[in-house]
Amino acid sequence: MIDPTPMRMRDKIVLRVVSKLLIPFILLFGLYVQFHGDFGPGGGFQAGVIFAAGFILYGLIFGLDEVETVVPHRFVEIGSALGVLIYGGVGVVNMMLGANFLDYSVLAHDPAHGRHYGILAIEAGVGLTVFATMMLIFYAFADRGRRPGGAA
Amino acid sequence: MTEHLPALQVVVPMLAAPVCVLLRRTQAVKVFAVLVAWSTLAIAGTLLATVLDSGTISYKMGGWAAPAGIEYRVTIANAYILVLVTSVASVVLPFGLGSAGSSVPQDRKYLLFAAFLLCISGLLGITITGDAFNVFVFLEVTSLSSYALVSMGHGRRALMAAYSYLILGTIGGTFILLGVGLMYQMTGTLNVVDLSERLPEVMASRTMIVAFGFMMVGLFIKLAVFPLHQWLPNAYTYAPSTVSAFLAATATKVSYYVLARVVFTIFGAAYVFGELGLDRILIPLSLAAMFGGSVAAIYQTNVKRLLAYSSIAQIGYMTLGLSFNSLDGLTGGLVHLFNHAMMKGGLFLVVACVTYRLNSSMVDDWRGLGRRMPITMAAFVVGGLSLIGVPTTVGFVSKWYLVSAAVQQDKLVVAGAILLSSLLAVVYVWKIIETVYFKAPPEGGDPVAEAPMSMLIPTWILIGATIYFGLHTALTAGVASKAAALLLSGVP
Amino acid sequence: MPSIPVELPIFILHLLTALLIARLRGLFSAAMLTGIFSLLSCCLFTLMDAVDVAFTEAAVGAGISTVLILGTLALTDREERQRPARALPFVVVIVTGAALIYGTFDMPPFGAADAPIHMHPVVQTFVHGAEHDFHIPNIVTVILASYRGYDTLGETAVIFTAGVGVLLLLVEGKRAGDPPSEPDHGSDGSDVPRDEAA
Amino acid sequence: MTGLLGLWHYWMIIALMMVGLYIVIARDNLVKKIMGLNIFQTSVILFYVALAKVEGGTAPIIPEGAEHVVYSNPLPHVLMLTAIVVGVATTALGLALCVRIQEAYGSNEEDEIVRMDVEGLARRGDRAESAPHADDVPPEEVPA
């Protein structure tokens with residue numbers, strides 16, 4: 001789906017400049033949302049989506065190959081799986097420390113700290129899975145678009 | 001570690017799925033997935049033994065007490081379903097997932113295993129959880145993975161079957177979500193125990209009637225109750241045969257358990273049957289499914305589709321058992337659930353064996369197979385006899401319960417209908433047996449060899465179970481009647 | 001209160017958007033309208049104090065979903081074919097809607113502070129817990145990650161499942177004897193959109 | 001009657017839901033159906049969020065030094081975050097199926113696809129697993 005558009009979009013200087021300016025901020029905002037979710041709205045899921053949106057925008061404007069060098073196909077597949085494992089892994093660690101599944105309070109001496117660490121860890125897992133899966137789905141649709149024409 | 005078994009039951013297959021994606025090598029993934037399935041079976045078995053011994057187990061997820069946190073609740077009733085799901089998974093996975101009738105290339109098989117493990121994990125999660133919204137989440141894990149699995153069948157019709165399944169399944173899921181929302185609105189809680197305590201106060205409201213209606217429609221879609229069964233025939237026909245075997249044996253069974261739980265535990269039999277009169281709707285629908293499904297099965301030319309329509313009829317028997325609202329009836333429904341899983345799982349595996357060698361599930365192409373694949377076809381005969389309900393097979397046991405439940409309530413017409421629809425089963429089973437044993441093989445066809453041992457053993461385990469449990473009813477009917485008694489008592 | 005509630009005009013716009021999506025044959029414009037539908041929902045979520053939901057809906061509904069639909073349209077037909085309206089869907093929808101409205105009659109009115117869901121003790125558990133056990137101001141984050149953290153694990157699994165499903169469906173492995181560039185023999189020009197796109 | 005007027009939010013949401021449901025069941029275009037599903041699900045999310053609203057309440061984020069603040073109920077918000085995710089997952093999978101169906105049938109209209117399947121059945125029976133090479137392009141799909 002993306003292949004035809006960047007051909008045209010790549011030539012639009014305004015799009016290129018504006019997106020070059022915007023994308024760092026989108027990514028920064030993604031990080032902010034990831035780590036500020038305790039205080040304002042947001043969290044791993046929203047951060048993952050925003051982060052992915054930054055890269056997808058880049059891919060739309062500058063072409064798929066450019067993004068693929070930064071976020072390779074293999075990475076998104078591994079990342080998608082790894083995020084679930086991080087989340088579940090936190091739960092398993094809790095179990096090994098003698099608490100119930102996903103009871104983070106045992107992660108530190110002070111239960112409140114433990115819960116903080118736990119929430120940070122699982123939000124990271126959610127963020128990773130969501131980011132990687134969104135990229136993966138984007139790649140899948142985009143690659144399907146350029147399939148009949150061979151390598152773009 | 002034993003106190004964590006309820007969590008591990010679901011978490012082990014769920015985390016095994018991403019591990020499959022990381023492992024990637026088909027052989028390694030296959031061995032790993034089989035080991036995971038067997039370990040879930042071990043966990044389920046332990047849980048069943050524990051609840052039979054010492055009663056209901058409650059597990060607090062995240063250590064939070066029930067109405068605030070999510071509770072896992074293992075009772076005799078759902079431990080029975082857990083054992084069923086995990087044992088079918090343990091037999092189907094070694095069979096070789098997608099070896100028959102799947103369009104997945106060898107180097108991407110690991111994704112198939114990942115989807116399969118997620119499906120198992122979702123089914124177990126729906127069964128074990130004590131939280132109404134958590135049911136929805138795991139329902140979607142199961143549904144999404146089964147759409148993906150169904151779409152992996154050969155041919156473009158598998159895609160369309162998966163799409164229709166997705167649309168209907170999502171409507172069903174969203175209806176359930178709406179029903180949960182309405183219940184939540186009137187009670188403020190999502191926990192099943194808390195719900196069953198708080199519902200009686202608001203039971204008289206019109207909102208609850210609608211909530212119940214939406215839950216029922218959603219579950220009827222998922223369970224493929226006539227006339228909301230339209231997704232099922234295509235999905236089972238065009239899915240890879242092993243996937244059909246697994247889904248036919250487990251997915252609708254889990255929905256049946258949820259249905260029983262909603263009816264008896266959450267809303268209570270007095271309200272559902274006394275005030276709303278669910279039986280007045282469900283008995284005719286069940287009878288229509290039993291006859292409609294069986295008659296449709298007779299006319300099928302594809303064995304898989306024949307078995308799919310037969311499934312719709314069998315689901316009719318199960319819902320019939322539920323709508324009697326009696327111990328024998330519900331026991332019959334629950335026993336039949338287990339039995340049908342064994343025989344239908346076994347029969348679909350037979351189809352998988354044949355398609356592995358013959359590449360066809362058309363009745364016509366099966367001519368003379370009885371001599372070429374004798375062991376496989378013998379399995380089909382045994383499974384077919386069980387489907388009819390011949391004594392010494394499990395089919396007889398469950399029909400016995402159903403008929404006696406009907407007679408107890410003086411519903412002689414219904415009892416007669418059960419017997420009559422069994423005769424229809426004779427017709428469609430005979431149709432295949434005749435083709436296989438009494439027709440000459442097609443001329444000029446390639447010689448067909450017996451299926452490999454690695455396929456025959458799993459097939460015969462399921463088919464053998466239909467005989468074993470037909471003779472030793474203590475394990476199935478014994479546990480099922482305890483489960484039915486628990487459900488009927490309304491204790492969550 | 002004689003003043004018109006703020007939500008009303010948004011609801012009316014919402015309904016108009018939905019009806020327009022139903023009527024439009026051009027799928028591209030319908031896709032853009034689904035994005036607008038999502039954004040309007042975001043306004044309502046914010047008005048109803050669900051800032052987290054609004055945020056997510058903006059990112060997902062107006063963002064990712066719309067991009068995905070557009071991406072699909074680049075690969076499929078862009079025009080819906082005209083067909084006579086059938087009666088059955090209409091009846092189904094009317095009956096379902098009527099049933100739901102019937103169900104609302106016994107519901108507490110919108111915004112009532114004494115509705116059962118606000119009176120249930122768990123609400124206080126959550127607020128108190130966020131303040132004293134977690135020292136985290138965003139109550140939604142606390143519930144999401146902790147009290148109902150298990151739901152969130154399930155949600156992560158759902159996303160992962162979708163990823164696996166899309167990989168299975170759209171990304172092909174190396175398959176012997178099956179060149180991926182082989183055009184499908186579609187009976188009515190399946191590769192037309194792609195030719196246009198090239 | 002005044003009691004009933006307090007329910008109009010719900011009625012608007014139900015109307016939205018029904019438009020979505022109508023698109024899903026009445027339309028033949030597969031992508032359009034997915035759009036309808038989106039509308040249907042978003043409306044259900046609205047329904048839950050409407051349940052959570054407390055008149056005069058604020059967003060459930062505790063401000064610095066807060067005392068006696070009324071919050072809208074946070075629990076439905078949490079549930080609906082999950083529901084949004086489930087919705088986008090379903091959308092992604094459904095659209096992927098749409099793409100594959102278009103490639104295999106050359107159409108995205110349900111009634112045409114059903115007709116093609118029925119014609120195929122009439123010609124050579126219900127062969128789901130005819131041959132390994134009949135993957136996306138079964139033999140019945142010979143161009144006219």
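At what angle do helix α5 (residues 132–150) of chain B and α8(C) pack, and how far apart are their axes? In this predicted model, the two helices pack at an angle of about 10 degrees, and their axes lie 9 Å apart. An angle under 35 degrees counts as roughly parallel, and α5(B) is therefore roughly parallel to α8(C).

The residues of this contact can be named on both sides. From α5(B) come B:F133, B:N134, B:V137, B:F138, B:E140, B:V141, B:L144, B:S145, B:Y147 and B:A148. Facing them in α8(C) are C:Y150, C:D151, C:G154, C:E155, C:A157, C:V158, C:T161, C:A162, C:V164, C:G165, C:L168 and C:L169. By class, the contact of α5(B) with α8(C) has 14 nonpolar, five polar and three charged residues.

## Helix pairs

Two packed helices are described by the angle between their axes and the distance between the axes.

| Helix pair | Angle | Distance between axes |
|---|---|---|
| α5(B) and α8(C) | about 10 degrees | 9 Å |
| α5(A) and α6(A) | about 155 degrees | 7 Å |
| α2(C) and α3(C) | about 175 degrees | 8 Å |

In chain A, the pair is formed by helix α5, residues 73–96, and helix α6, residues 111–146. Angles over 145 degrees count as roughly antiparallel, and α5(A) and α6(A) are therefore roughly antiparallel to each other. The crossing in which α5(A) passes α6(A) is left-handed. The contact of α5(A) with α6(A) comprises 16 nonpolar residues, eight polar residues and one charged residue.

In chain C, helix α2 covers residues 27–47 and helix α3 covers residues 51–75. Their packing angle of about 175 degrees makes α2(C) roughly antiparallel to α3(C). Among the residues that α2(C) brings to the contact are C:L27, C:F28, C:A31, C:G35 and C:F45. Those of α3(C) include C:V51, C:V53, C:E57, C:I69 and C:L73. The contact of α2(C) with α3(C) divides into 14 nonpolar, seven polar and one charged residues.

## Chains B and D

Chain B contains 20 helices and two strands. Its radius of gyration is 21 Å, close to the 23 Å that the globule rule gives for 492 residues, so chain B is as compact as a globular protein of that length. The C-alpha trace of chain B spans about 75 × 55 × 40 Å along its principal axes. Of its 492 residues, 69% count as buried. Among the contacts in chain B with a separation of 6 or more, 79% are between residues 24 or more positions apart.

Chain D has five helices and zero strands, and its pattern along the sequence is α-α-α-α-α. Of the 144 residues of chain D, 62% count as buried. For contacts in chain D with a separation of 6 or more, residues 24 or more positions apart account for 46%.

## Contacts of chain D with its neighbours

Chain D touches chain B through 37 of its residues, which are in contact with 38 residues of chain B. On the chain D side, α3 (30–52), α4 (74–105) and α5 (110–124) each supply at least two residues. The largest share, 13 residues, comes from α4(D). By class, this side of chain D has 23 nonpolar, six polar and eight charged residues.

The contact between chain C and chain D takes 85 residues from chain C and 78 residues from chain D. Several helices of chain C each supply at least two residues of the side that touches chain D, including α1 (7–23), α4 (87–104), α6 (121–134) and α8 (149–170). Helix α3(C) gives the most to this side, with 14 residues. The side of chain C that touches chain D has 47 nonpolar, 23 polar and 15 charged residues.

## A loop residue in chain A

Where in chain A is A:G63 found? The residue lies in the loop between α3 (44–62) and α4 (64–70) of chain A. A:G63 has 18 other C-beta atoms within 10 Å and is partly exposed. From A:G63 to A:V93 the separation is 30 residues in sequence and 42 Å in space, C-alpha to C-alpha.

Note on methods: Residues numbered from 1 in each chain as written. Chains lettered and ligands numbered in written order. Predicted model: local features only at pLDDT ≥ 70, side-chain atom pairs only at ≥ 80, totals over all residues. Contact = placed C-beta atoms within 7 Å. Helix = DSSP H or I, 4+ residues; strand = E, 2+ residues; numbered from the N terminus. Nonpolar A, V, L, I, M, F, W, Y, C, P; charged D, E, K, R; others polar. Axes fitted to C-alpha atoms, helices over the stretch in contact; angles between N-to-C directions. Parallel < 35°, antiparallel > 145°, perpendicular 65-115°, else oblique. Left-handed = near helix turned anticlockwise from the far one by under 90°. Rg over C-alpha atoms; globule rule 2.2 N^0.38 Å. Buried ≥ 20, exposed ≤ 12 C-beta atoms within 10 Å, placed from the backbone.
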